[in-house]
Structures are given as structure tokens and as C-alpha cells.
Amino acid sequence: MATRAVSEFDGKRMLARWIPENSKGEHHILDKFVRVQAKDMDFLDQLAHENSWVLTDRLVVKPDQLIKRRGKAGLVGLNLDWAGVKEWIGARMNREVHVEHVTGILDTFIVEPFVPHAQEEEFYVCIHNTRDGEEILFHHEGGVDVGDVDAKAIKMDVVLTDSPTKETLCRELLMNVSDTAKQAEVAGFVLALLQTYRDLHYAYLEINPLVVCKEGVIPLDLAAKIDETAAFLCASKWGKFDFPAPFGRPLLPAEQYVHELDGKTGASLKLTILNPEGRIWTMVAGGGASVVYADTICDHGAGHELANYGEYSGDPSEELTFEYARSILDLMTSTVDSRGKVLIIGGGIANFTDVAKTFKGIIRALRQYAPKLIKGNVAIWVRRGGPNFEEGLNMMRELGEQIGVPIEVSGPEANVVSIVPKALGYKEGTSKATVSLEDIQEVMKRGGNQSSAGAASSKPLFSTETRAIIYGLQPRAVQEMLDFDYLCKRKVPSVAGMVFPFSGNHFQKFYWGKEEVMVPVYTNLRDALHKHTEVDVMINFASFRSAYSSTMDALQHADQLRTIAIIAEGIPELQTRLLERAADKAGIHIIGPATVGGIKPGCFRIGNTGGMIDNIIRSKLYRPGSVAYVSRSGGMSNELNNIISQHTNGVYEGVAIGGDRYPGSVFLDHLLRFNDDPAVKILVLLGEVGGREEYKVCEAIESGRITKPVVAWCIGTCAKIFPYEVQFGHAGALANALSETAEAKNSAMRKAGCFVPNSFDGFGDLLGAVYGTMASNSLIQVDPEPPVPKVPMDFNWAKQLGLVRKPAAFVSSICDDRGEELLYAGMPISKVFEEDVGVGGVLSLLWFKRRLPIYATKFIEMILMVTADHGPAVSGAHNTIVCARAGKDLISSLTSGLLTIGPRFGGALDEAAILFRDAVDRGEDAKAFVKTMREQNKLIMGIGHKIKSVTNPDMRVTIIKEYAKKHFPATDVLDFGIAVEQVTTQKKANLILNVDGCIACCFVDLVRNCGAFTREEADEALSNGCLNGLFVLGRSIGFIGHFLDQKRLKQGLYRHPWDDISYLSNPDSSPPMQQ
């Protein structure tokens, strides 16, 4: 998420709501704005009725679709009445127009009052964010012909924590407003505007013109962006609204679908269609990698053929990647190109995403579209690295053979974009980059002795002694750090403890090599730091909602902490900048937010940086090299680790500063540290489009402050092919000026003396050339490669890779919660609700592992209903009530009632079912059955009732019998039970087939005749106690009801009355004493 443009209607609506409050009533903006969209055209009279002022005021109408320079394009209707507005809109609604270089359909308009005013009453004001606060631009001549405001406007920087006075504004910003009364009025408005800007988390707000006339201060035209990440803080202040699509760029159905998928997951799914007819399609994992792939395609001259831009990242599930891939393949195969099409399934080296798992979703989609892929002559190129990548690549390779589609696969042995020129049909070049010793010496000569002077003041952030506190319960990250420590042969683990405010102090178990160690968990940071005085790093894994408060708390411990890494992505920009100011004052280094962290081989890693241990070993991060890098992208930092290890003696230190517009530390902060460290010989910078931090590096090189070779590249060169503004993966990856484009920055870095390739796919070769020249001229000492250390593999990961096996402790066949969706006997929970299977259907799935007919599930629900309760006098309800009145909780009271269920209360169902079933199977008649039971002195379970009789029938029994007779295919056992009742009631009228017996007989008939069970399965279900289970489930409803009833009635402790107890206190009645 990032800053996003809002419509003029919503921007003005927010100002109308909050300017009066923030100006303490001094300024008011009338809430007179009407939005007219295509769907409203048949209801314009209703709009006028709801906004009666449009019938009396003179009006202005204009499109409200993020169109710039509407006035110059003739897209503003001035001084019209309502009839004129309707005519003006009607002539343009749903019409295509061309504005500057964009063509789009007009479908949304804003109508507001016309404000008569003179030219000299028009002003220009703009507020936008800076790293330290806001910059306010003001020009005393506003309007459509304002011209180059960057050159004309007076600019005033406001520190984030300060608020200027009216006097300061008049003196430093508004000095060209000659009318002192207007000057004071504008100053008051600008103050209220600034307060509103901050409160509502705006990132940009431009009003041109701002009219100051007798009616007050009125914003006529407005353009604004807000920080979408602040929704959790101020969505209620914003009110309900949607972010409009760029003009000429409405979301396609596939884009909208992916956007909706993205909103339902913590992973990231992005899709922008550039050219639906394009022949080059991409499906790239990782935000930084997605830009690099698009860059390389464009750098090879194929940008006009690029069909889409997007990414999937953050460990999406198999189902999500399937839906994402399906959306792309559906568009890709909707047309055929005679030359064939190319699908690039690429990505960097993942930190923790299981490559094989995400590939499973893509493979499902490729199988589904295989015929269309063959028809369209599609060739697929795959490159990926990270956890389980070998399995994933093998699956892709086998898929190509199975479906008949050419699929070429590469792993981390090739650079991240190596497949691009191959996919585009270019032959691999034989020329290699060359760098002369003179080129390197030219950079090194500039600084004189500055490097050594700076070294004394630059203390390394991390060493082999560095210890950290982890904020948040992050067992995986902690184990990754401990494994890295063990691999690097550290003497003491780098993790001293964790902080988790939501549980008491305790310990968590981890591995140190093969041995188990305990890591303490504290409820607050103060206690953790007090206990571990050697700690000087905190790694903050708190969510974007709480990262600000937890980091501000950490900044109170500047006497101990030196570095804080903030991992969370999506922290509001305002909060990030406040954190940075506080950190600067405290003298604490911030890495992040929105970062994977950093790594110093042989010393320390932040969280999951560098990926799993096999990637750490492959990239030789267990020992230091001579190259230090800084990157914005966390995903691309793994690629840098890989590239550096392949072309040099390895990484000395690497930091990903994070993708936000204003990260806590910038490129130069780390490059200066690296420059001042004698062990670092080459600096690497991977920048990106947006921002100006790379220019500070250029200045440091040109001034001689940086004296070591810098190999640099700025990603985002593909931005030039987009006809509209595109927000790349990171919040900061957006150029707001020509100087912020990747091309401009690459050119500036090259001019300053950096070694800059022509494209990212040449980055490794150029780095290798610099290293090779320095090593061959003894500027870098190449040490022998040490033995590769070993770390025991985690059992769960080894099992996932198929390397070990272990018998399961439990076996379960009725429910599976491991996938994207909960399964009941194989049926997704969504289907359970879509098909409305009901409680009876769920019970049939979980108890019998099959779907039963509707009449059967309805019968199960009837059983639950008729057995739910039988009054407070029965033993189970009585026990529940006594427990409830003794102050016990619901579970204890319910259990007390359930424990009374047995042969004499409720538990007769199973025995009755078996008794009647066996008699029917033996072919006995009712009279013989009753006679046999009497001769054996056995009760007939299911026969008899204390109250009900032949003349006073139990309605529950009547309802159940009638339902079974009407719906069941056969009722042999029920018929036998009724025949037994006819025999027993001849002796006594209350020896009827009771509700237990009736349910038992009907249930046997159901399971034997519904077609879902074999005779053996039906008998097994009965012998397993499922009928008693139905009574327990049903009667639990009543017991809980009695518990709640007693609590609601505030009943006190129950004591049984004396007169209801027979006390046997007569000695004569006592048993004789034993001699």
C-alpha cells in the first residue's frame, strides 16, 4: 500500500468536514458538492431534490477523474444553471476524450457553486511531505495560468512536530499578499489546512486556485493524495469512499479480481495490464524482482510487447497462486499471436516462501489452460530460488513433458533475469565487462585521507558479540537466527530474549545445533533490557498497527539500544517520520520499516534475512567477504547475496533499508559506514525509481567522502513505457519528478563515478570485473575458502522435503484444517454453507464421513430437538442446576449433568436399538420377545414411561413415528417396536414405546435403509455409540439452557430441604458392629 489519489469530491468533502474544527470556527467550507456518475443519469431530478441549492445557485461542472489541466482542455462548464449542467454532462457522459497523452471515457463529474471573483483573488497553495515534515508552496497568483510553480512559488519547510504561527506564515510565506487583511485570512486558512493535512494523513494536497473573496476562503480546484496505510487510524475521519482509477485506465475484470484477492490475504497479489495484445507475459514473485524483470524486458527493446506488470509475494497459499495464475493465463490465451507468446515465471531467491508449494498453484492453472497454451504456441521460462526450489523446478520441468508445452527452468545458479534475453530470442553474448585499474584508482584518489578520518567515528552496528531482543513471538525467525549463529561458530546465541506483552514471563524452547536451549520471553521491553544489559539491538516484528508505539517505547532506552530494525510493512508515513525524528534525537539507528533486515556474514543476521540455511551456505554468508551492499528491496537483497557470492569473494555486510518513501536510514548512512570499514573493499548500491537518496551518494563520491568503488543500479527503468502513473511494489517506488526516474539516477551515478551497467542482467558481470581487477592488483586479499560448516536440519522441514519419515501420533479422517479452507470429510466449509447442509448434514459428515439424504439429516435434527430438554426435574438437569447455583462455570455445570447419562437416564438408546434390531434379525414375533425378556428377568429398554401412557401419548413419539413412516424407505424395526408396545400395554398402560425406544428403532431403520451404509457399517455405527451421542448432543442444549437460566435468575446456593430426606438415626436400624 502507498499514497493514493482521491477524487476532488472526496477531498473537498473532507476539508468541509474538518477545516471548521481545525480553525476553531474561523473558516467554513460549504458542503455543497454533488457527484454525478453514469448510473445517476436517470435520477438527476432526485439529485436536485436532495441538493436543492443546485436549483438556485449558479454552478460549475467538471469531470472528477484525476484529470490534470481540465480548464485548458475545455472540460469545465462555468456559470451554468441546473438545466445547463444537465445538458453539459449529457453531452459528455460516457464519451471518449483525449487529454494530453491519455485517452479515456468521462463517467464521473462534480457539480458545485460558481464563485464570482477577480483574477487577483486567486492564489496557489500546495502541501507535500518531506522527510523532516512538510513543505508548503504558496504563490500569490493562482489559476489555470500559474505556470511552473516549482520555480515561482515561495517555499516554507515545516518541521513535523512544529506548527507555525500566523505571524510566521505572513512573514515567510505570504509576504507577496499585499492586502494585510487577506494575508491574515489566508494564514489562518493555511494553518487549519496543515492541521487537517496531518490529522487525515494526507501525503499531497494542492489547491489551485484558492480564492479569497467576500464569501471567505474557497478552494476551487483540488488535487490530493492520502496515505492508504493510515486507514486503521482515520478511516472514520475520511468517511466512506473508493480510490479512483487513473484516467484512461479503469480496472479490467481480471485486475479487479486480483485486487479483491489481495484484500483477503496477508500476502501480496498485484496485477496491471499494460497491453492485452502483448506477447510477453510475466508472473513474478517479489516486488523488487517484478520491477527488475520489467526493466530487463524494456532494456532489451521489448517494452512495447510487455503485456502486464505484477507480483505475488508474502508466501501466498496454493489456492491464491492458482487463482492469480489463472487470471493471467485467461487473458494471455484469449488471443493468439502468429509469432507465439512468452510466459516468464520468474522471481528472486525467497527468504521463507516454499517455492514448490506456490508452484503447485501455478501448475494447476497451467494444466487447466494447457490446450490453449499449445494452441497459442506459448513458451514458458522459469527461474526461481529459495526454500524447496529444487522440488519446484523439477515439478515445472515434468509438467512441460506431461502437457506438451516447452518449459525451460533455471535456479539460483543463474542470475535473476538471465532467462529474459533467452525468452526474447537473444543469443548469449560473449563479451564480458572490463574495468581498468585506472578507473578504480580514479575513485579512490578523490578522498585523500578522509576514509581513515571517518573510520574512528564509525563504529560497526554488528559484531560477533551483538545480541538482540526480538519484539513479538517469532519462533521461526529466532530459530533462523540461532542456526545462523551456530553456522558462524558464534560462542553465544545472538538472541537474548523475546518480548511478548500478551502472556506472562515464560521460556520458549529452541535448538542450538543439536542441543535444546531455552530463550526467555518477557512481557515488556524494560524488564528484558534490564535482565540482558549486553543487548544493543531490538528487532521489532510488531504489526503495522502497533509497530509505532512499540518502537517509541524502545527509543526510551537509548542508553542501551543502538539499533532497531522494524520489519512491518504498512506503517503510516506520518508515524514513520515521527519515529525517525525521535530516533535521531536518541542517537539510535533505524533499519526499516518494511524491511527484511540485514546480515553481516560470520557475525549477525536480522530475522529471516538471507533465507534458509541452504541459501546461507550457497551464498557463503557464514563467513565475511569484501563487498558490502545496501538495497531498498528485501527480496532483491537475496539476489545480491547470490550475485556477490558468484562474482566476488562474498558479502561483508548487507542491509535492506526498506521500501517506504522515508525509511529510517538511507543509502548514504550505510555506505559511509561501509566506506569507513577497512575490511570493505567494494560498495554495492541497488536503488529504485522514486526519491532522491541516490543523489546524496553521488555528492559523497564527487566530494571524496566515499573513496571506494561503487557498483550501482537503480531499478524501475521500465516506468518510461507506462502512459500513466504506476505505483511499483514499494511505497517509495514512484517518481514524482523527472530527476526521480531510474534512468536519470543511473545517469547521475554513472557521471559521479559509479560503475553502472546498461541493464540489471549485466550487474553481476560488471561487479565481477571490478572485483577481478582489484584482486589481480592486490587491492583485495583473496583468502582460502574455509570448510563449509553444517547445521542439523529442522525435522519438519526435512519431512517436507521427503528426507525423513515419522509415524504420526494421531490419525484423523474426518476433518482437515491444513489447507486454504477447512474440510469436513473432504467437503470445503464454503460448500457446507453454499449447499445449506445444516446441522444434520455437518453431523453426518463428521460422524459418518458421508453425505446422508436430506430426509435423514432432517431426522437427525429432529432427534436433537426432541431430546434437547425434559424439564428441570430429571437427574442431568438437576445436577446442572445445582452446580450452576454453587457458582461453578458453564463447562463444569454441563459436565456434571452429562455424567448422569447412563443406563437409567438417557443412555438406553444404544441398548434399545441393539435389542430391537437383534430381535428383528432373529425373526422373533413381539409376544415371544416379551416372554423371553420376562423369563430372563430383563427390562426391555425403550419401553415404559412414568407419566405418559396409551391414553396420554407422548407427542415426541408421535412426531417421530409419523416422520419415519412418511419418509423412510422401510420401518421394519419401528414396526416391531410398535408391536412390542401393543403387547406390553396390555399389562400396564404406561409400558409404551417411549421416546428413547422410538428414536432407537427409527435410527436403525434409517441407517440400514437410506442407501449410505452397508449392513456391516450400519451395525458398527450403532455399536460405536452414535445413538447415545445424539442424546448427549441434544441434551447438552437443554443443560446449557438451565445453566444460563439459573445465572439469569441470580439463584443462590442450593441446599436440599430436610423434609425431603429420610434420616436413619434410630440405632436399631443401624447395621450391627463387627466383632
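Trainee: Why are helices α29 and α30 called roughly perpendicular to each other?

Mentor: Helix α29 (residues 838-848) and helix α30 (residues 854-866) pack at an angle of about 100 degrees, with axes 7 Å apart. Angles of 65 to 115 degrees count as roughly perpendicular, under 35 as roughly parallel, over 145 as roughly antiparallel, and the rest as oblique. The pair is therefore roughly perpendicular. Angles run from 0 to 180 degrees between N-to-C directions, using axes fitted to C-alpha atoms, for helices over the stretch in contact.

Mentor: Do keep in mind that this is a predicted model, where local features need pLDDT of at least 70 and side-chain atom pairs pLDDT 80 or more, while totals for chains, interfaces and linings use all residues. Residues are numbered from 1 along each chain as its sequence is written, and side-chain values use heavy atoms, without hydrogens and water.

Trainee: Which residues of α29 and α30 meet?

Mentor: Among them are Leu843 and Phe848 in α29, and Ile860 and Leu864 in α30. Contact means heavy atoms within 4.5 Å. The residues of this contact divide into 5 nonpolar, 5 polar and 1 charged. Here Ala, Val, Leu, Ile, Met, Phe, Trp, Tyr, Cys and Pro count as nonpolar, Asp, Glu, Lys and Arg as charged, and the others, Gly among them, as polar.

Trainee: Why is Thr576 called buried?

Mentor: Buried means under 20% relative accessible area, exposed over 50%, and partly exposed in between (1.4 Å probe, protein chains only). Thr576 has 3%, so Thr576 is buried. This residue belongs to helix α20 (residues 573-586); helices are DSSP runs of H or I with at least four residues, strands runs of E with at least two, both numbered from the N terminus. Leaving aside neighbours within four places in sequence, Thr576 contacts Ile571, Pro593, Asp660 and Tyr662.

Trainee: What makes β24 and β25 a pair?

Mentor: Two strands pair if DSSP finds at least two bridges between them. Strands β24 (residues 537-540) and β25 (residues 563-566) have 4 bridges, in the parallel sense, and Ile539 stands opposite Ala565 in β25. They belong to an open sheet of 7 strands with mixed pairing, in the order β22-β23-β21-β20-β24-β25-β26.

Trainee: What makes β22 and β26 edge strands?

Mentor: Each of them pairs on one side only.

Trainee: How many bridges join β3 to β4?

Mentor: Strand β3 (residues 59-63) and β4 share 2 bridges and run antiparallel. Val61 stands opposite Gly77 in β4. Their open sheet of 4 strands has the order β2-β7-β3-β4, with antiparallel pairing.
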